[in-house]
There are 2 protein chains.
Amino acid sequence: MKFPKIPMAAINRLSIYIRALEELEEQGTKVISSERLAKQCGVNPAQIRKDLAYFGEFGVRGVGYRIEDLIREIKEILGLDRTWNIAMIGVGNLGSALIRHGNFIKHGYVFAAAFDIDPHKIGKRLPNGLVIHHIDDLEKVVKECDIHIGVIATPASAAQSVANQLIIAGVNGILNFAPAQIQVPECCHVENVDFTIKLDSIAYHLSTSGT
Amino acid sequence: MKFPKIPMAAINRLSIYIRALEELEEQGTKVISSERLAKQCGVNPAQIRKDLAYFGEFGVRGVGYRIEDLIREIKEILGLDRTWNIAMIGVGNLGSALIRHGNFIKHGYVFAAAFDIDPHKIGKRLPNGLVIHHIDDLEKVVKECDIHIGVIATPASAAQSVANQLIIAGVNGILNFAPAQIQVPECCHVENVDFTIKLDSIAYHLSTSGT
DNA sequence: CCCTCTATGTGATTTAATTCACTTTAATAA
DNA sequence: TTATTAAAGTGAATTAAATCACATAGAGGG
């Protein structure tokens, strides 16, 4: 396959595949067909094959995919064959819960710094040992700790300004939990985790499906 | 316009529009064109007009949209002209942070019940006054509190079983924070808030854009 | 060594979503 | 009252994504 544009949705599905594959591996399964994996992930088998085909040929015709190999390949594709240092900006309810939450650590993401603007919090230590820095020290600490990804867990009103500071500090990956659309230059990649939108979507579906 | 299938993405955008509109209203703006709103939301103006056209004609040609009216109309479309009772299942780091978090309450969502499986937590009160029930009492409490939406904030391994219990209890809207694909019958609507996928997506983009 | 079987890899097709570009309509001013 | 203007509404065109369906190739048995 040549150099087609890769749909974002395909990238997201790779994460889902990897989860299913790791579960299968734990159960001792060695090989799986696109059909069975598709069933487990709730997608179309051709979709899996096409998603993988964007990046190479990882299967064995007539047999399927060797799970161990495929996990390694997908991790390499996604850039999960290394660690990523994360900074949390906003250590309120949500921010501190996310730091304590185990799911970040699973795949090589490491919380390496935390920031807030509340004078009462600055200098305090989080349960995991991180010191809370003032947001004004962002650029300095980002350099010191080699931060790759910023997680915004501030109120919506602060999100854009925090994003600006992250970009100035050279952070090109942002995970935004604030319910706000933030504008960033081309070089920076933003993902929004916006559960208010999801809730509204549920409300819409409940309203319309006559429940 | 007749009865076209409405893209899910259009529904999600309505939430984004409403946010921008409420901000504009606070600033005292009365009327806005699709072009200016589009700029603010980072989308194409025709997209806004088409999204709204799925549901009716809300603008004034040559003028724009009256903000107050449009907010009311979109709220009605999404089913936000009422309150929705929410149950939190899993009162760990994330669950309790979400309950304390203000964004749920903004648009008529009310936490009306909380559940866990840890015996140490059952019977305790959360800061907002909610008593933590055992998950086995789900069906009973859902009836008593008239719960419409369940939020799953358990480990991935428990997500499917919790979803099953919610459905048995008659809850047809689920917001799933666990990193797991859950299977539900047609009648039930699930939205996933999966920040591990989003993080992987960021890792992919950082890896490929040579940073 | 060849034949069969099975599941991948992929060009072609279908389906869906987005954007364009034009038509319509309301407001305003002459 | 009529001309002008601005922006909504919308059919058509475009672009993108998902699915189908078949050609292909490796594995294993005879």
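Q: Okay, in β5(B), which residue is the bridge partner of B:A114?
A: That would be B:I132. Keep in mind that this is a predicted model.

Q: And how many bridges join β4 of chain B to β5(B)?
A: Three bridges join them, and the two strands run parallel. In chain B, β4 covers residues 109–116.

Q: What packs on the sheet there?
A: Helix α6 of chain B, residues 138–145, packs on it. The helix touches β3 (84–89), β4 and β5 of chain B, and its direction makes about 160 degrees with that of β4(B).

Q: Let's zoom out. What is the strand order of the open sheet in chain B?
A: The order of its six strands is β5-β4-β3-β6-β7-β8, with parallel pairing.

Q: Which strands stand at the edges?
A: β5 (132–134) and β8 (189–192) of chain B do. Each has a single partner strand, so one side of each is left without a neighbour in the sheet. From one strand to the next, the twist averages 25 degrees.

Q: New topic: the DNA. Which residues come nearest to DNA strand D?
A: There are 27 residues around DNA strand D, and the nearest are A:R61, B:S34, B:R49, B:R61 and B:Y65. Of the atoms of DNA strand D that come within 4 Å of the protein, sugar and phosphate account for 68%.

Q: What does B:Y65 do with its side chain there?
A: An N or O atom in the side chain of B:Y65 is 2.8 Å from a phosphate oxygen of DNA strand D. B:G59 has a polar backbone atom 3.0 Å from a phosphate oxygen of DNA strand D. For a contact to a base, look at A:K50: a polar side-chain atom of that residue lies 3.1 Å from a base oxygen of DNA strand D.

Q: Which element gives the most to the surface near DNA strand D?
A: α3(A) does, with four residues. The residues of that surface near DNA strand D divide into 11 nonpolar, seven polar and nine charged.

Q: Now DNA strand C. Which residues are closest to that one?
A: DNA strand C is surrounded by 27 residues, with A:S34, A:R49, A:G62, A:Y65 and B:R61 the closest. Sugar and phosphate make up 66% of the atoms of DNA strand C that come within 4 Å of the protein.

Q: Which part of DNA strand C does the side chain of A:R49 meet?
A: A base nitrogen, which is 2.8 Å from an N or O atom in the side chain of A:R49. With A:S34, a polar backbone atom is 2.5 Å from a phosphate oxygen of DNA strand C. From chain B, a polar side-chain atom of B:N44 lies 3.1 Å from a phosphate oxygen of DNA strand C.

Q: And which element gives the most to the surface near DNA strand C?
A: α3(B), with four residues.

Q: Where is A:D146?
A: Look in the loop between α6 (138–145) and β6 (149–152) of chain A. A:D146 counts as partly exposed because its relative accessibility is 44%.

Q: What about B:D146?
A: B:D146 also has a positive phi of about 55 degrees without being a glycine. B:D146 lies in the loop between α6 and β6 of chain B and is partly exposed, with a relative accessible area of 46%.

Conventions. Residues are numbered from 1 along each chain as its sequence is written. Chains are lettered from A and ligands numbered from 1 in the order in which they are written. This is a predicted model: local features need pLDDT of at least 70, side-chain atom pairs count only at pLDDT 80 or more; totals for chains, interfaces and linings use all residues. Side-chain values use heavy atoms; hydrogens and water are left out. Two strands pair if DSSP finds at least two bridges between them. Axes are lines fitted to C-alpha atoms, for helices over the stretch in contact, and angles run from 0 to 180 degrees between N-to-C directions. Contact means heavy atoms within 4.5 Å. A residue is near a molecule or strand if one of its heavy atoms lies within 4 Å of it. A polar contact is a pair of N or O atoms within 3.5 Å; within protein, one must be able to donate a hydrogen and the other to accept it, and residues adjacent in sequence count only if both atoms are side-chain atoms. Ala, Val, Leu, Ile, Met, Phe, Trp, Tyr, Cys and Pro count as nonpolar, Asp, Glu, Lys and Arg as charged, and the others, Gly among them, as polar. Buried means under 20% relative accessible area, exposed over 50%, partly exposed in between (1.4 Å probe, protein chains only).
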